[in-house]
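Me: I have a structure open and would like to learn how to read its features one at a time. Could you take me through it?

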Amino acid sequence: MKIPKSHPRYDSLMRRETLVRAWKAGIVVPEGLIAHGRGEAFDYLFGERTIAPALVAERAGAAWLLRAKRPVLSVNGNVAALSAREVVRLARSIPARIEVNLFHRSEARVRRIRQLPERVGARNVLAERPDARVPGLESKRALSHREGVYGADVVLVPLEDGDRAEALVRMEKVVISVDLNPLSRTSQRSTIPIVDELTRAILNIKKFVEELKADPPEVARIRRAYRRNGNLGAVFSFLEWRLSHLRRGLLRGGKHSRTPKR
Ligand code: PTJ
């Protein structure tokens with residue numbers, strides 16, 4: 001479908017189109033489309049833009065990735081479909097390894113997803129032939145690489161499921177998640193939860209990595225100052241503020257106040 005650039009929700013509709021195309025190509029699973037819908041609902045509540053607490057978390061994520069000894073970026077079907085090029089640029093700029101890690105794992109999907117970052121310049125993407133298992137996980141999510149997520153000290157896990165986020169925290173890794181749902185187990189358990197839309201988050205983290213590279217004292221300051229609970233609390237405060245703002249608009253007879261037509 002051709003979406004006119006003038007459409008007020010152009011970016012969001014383009015992301016849907018991209019995911020549907022990737023589903024047809026066997027990269028995204030149907031469950032990934034459902035997961036995206038859940039993310040969209042939260043993004044709608046946040047106003048479809050990066051909120052201030054997310055920027056703080058993205059800057060913290062950048063600081064930890066820059067200081068890591070073995071940073072790894074984990075990629076699943078949705079992430080490869082929406083952000084392959086940006087993930088590759090981020091990996092190059094840190095520098096970090098990329099590992100394909102899937103919940104709905106099949107060897108054919110692993111290969112197809114590996115090819116996406118490779119097509120935009122990534123080398124040595126860890127994908128087939130995993131040589132380790134994340135302890136405490138029954139699912140295929142456990143399959144990993146010693147040179148990748150298994151051996152990493154800092155991992156970026158966008159659109160993660162709660163089980164693996166918890167398991168990676170148990171392994172004492174610094175887990176940086178990207179998930180628009182602040183209530184998810186992933187957001188609740190990860191070390192640095194970033195509550196933002198994936199494509200915006202990856203671009204922001206890359207921008208902060210570039211900024212902070214030349215400023216080690218600022219990296220150290222961010223690492224001292226960041227508080228995950230305070231940051232997540234600020235996300236909920238923002239939601240409260242936004243909902244009360246929307247409600248006041250309705251009560252005052254704002255543009256959405258009319259009784260809906262039946
Ligand atoms: O490719 P696979 O096989 O590894 O499967 C990937 C999915 C996403 C299906 C799998 O990891 C999964 O089931 O994830 P969950 O448990 O549904 O969690 C995904 C989370 O990501 C949900 O809490 C969504 O709100 C959130 N989400 C979805 N799309 C976005 C998002 N957050 C940020 N940006 C998005 N674009």
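**Aromatic pairs**

Reply: Gladly! A search of the whole structure, which is a predicted model, finds three aromatic pairs.

Me: How do I read such a pair?

Reply: A pair of aromatic rings is described by the distance of the centres and the angle of the planes. Take Trp-64 and Tyr-226: their ring centres are 6.2 Å apart and the planes stand at 70°, so this pair is edge-to-face.

Me: Where do Trp-64 and Tyr-226 lie, and what does their pair tie together?

Reply: Trp-64 belongs to helix α3 (residues 52-67), while Tyr-226 sits in the loop between α9 (216-225) and α10 (228-251), so the pair ties together parts that are 162 residues apart in sequence. Trp-64 and Tyr-226 are both buried.

Me: What kind of pair do Phe-238 and Trp-241 form?

Reply: Theirs is a tilted pair, with 5.6 Å from centre to centre and 50° between the planes. Phe-238 and Trp-241 are three residues apart in helix α10, so about one helical turn separates them. Now look at the accessibility of each. Phe-238 has 15% relative accessibility and therefore counts as buried, whereas Trp-241, at 44%, counts as partly exposed. Together with Phe-46, Phe-238 and Trp-241 make up one aromatic cluster.

Me: Which residue lies over the face of Phe-208?

Reply: That is Lys-207, at 4.7 Å from the ring centre of Phe-208.

**The sheet**

Me: How should I read the sheet?

Reply: Start with the strand order and the sense of pairing. Here an open sheet of five strands runs in the order β2-β1-β5-β6-β7, and the pairing is parallel.

Me: Which strands stand at the edges?

Reply: β2 (97-100) and β7 (192-194) do; each has a single partner strand, so one side of each has no neighbour in the sheet. From one strand to the next, the twist averages 20°.

Me: How many bridges join β1 to β5, and how many pair β5 with β6?

Reply: Strand β1 (residues 71-75) and strand β5 (residues 154-158) run parallel and are joined by three bridges. β5 and β6 also pair in the parallel sense, over five bridges.

Me: Is β5 mostly covered or open?

Reply: β5 is mostly covered, with five of its five residues buried. Val-154, Leu-156 and Pro-158 point one way from the strand, Val-155 and Val-157 point the other way, and all of them are buried.

Me: Which strands does α3 touch?

Reply: Helix α3 packs on the sheet and touches β1, β5, β6 (174-178) and β7. The direction of α3 makes about 135° with that of β7.

Me: Which residues make the contact?

Reply: On α4 they include Val-79, Leu-82, Glu-86, Val-87 and Leu-90. On α8, Ile-202, Leu-203, Ile-205, Lys-206 and Val-209 are among them.

**Backbone details**

Me: Where does Arg-129 lie, and what is its phi?

Reply: Arg-129 is in the loop between α5 (107-119) and β3 (132-133). Its phi is near 55°, a positive value in a residue other than glycine. With 71% relative accessibility, Arg-129 counts as exposed.

Me: And what about Glu-172, buried or exposed?

Reply: Glu-172 is exposed, with a relative accessible area of 71%. Glu-172 lies in the loop between α6 (162-170) and β6, and its phi is near 70°, again positive in a residue other than glycine.

Conventions. Residues numbered from 1 in each chain as written. Predicted model: local features only at pLDDT ≥ 70, side-chain atom pairs only at ≥ 80, totals over all residues. Heavy atoms only, no water. Phe/Tyr/Trp six-rings, centres within 6.5 Å; stacked < 30°, edge-to-face > 60°. Helix = DSSP H or I, 4+ residues; strand = E, 2+ residues; numbered from the N terminus. Buried < 20%, exposed > 50% of the residue type's maximum accessible area, 1.4 Å probe, protein only. Lys NZ or Arg CZ within 6 Å of the ring centre and 35° of its normal. Pairing = 2+ DSSP bridges. Axes fitted to C-alpha atoms, helices over the stretch in contact; angles between N-to-C directions. Contact = heavy atoms within 4.5 Å.
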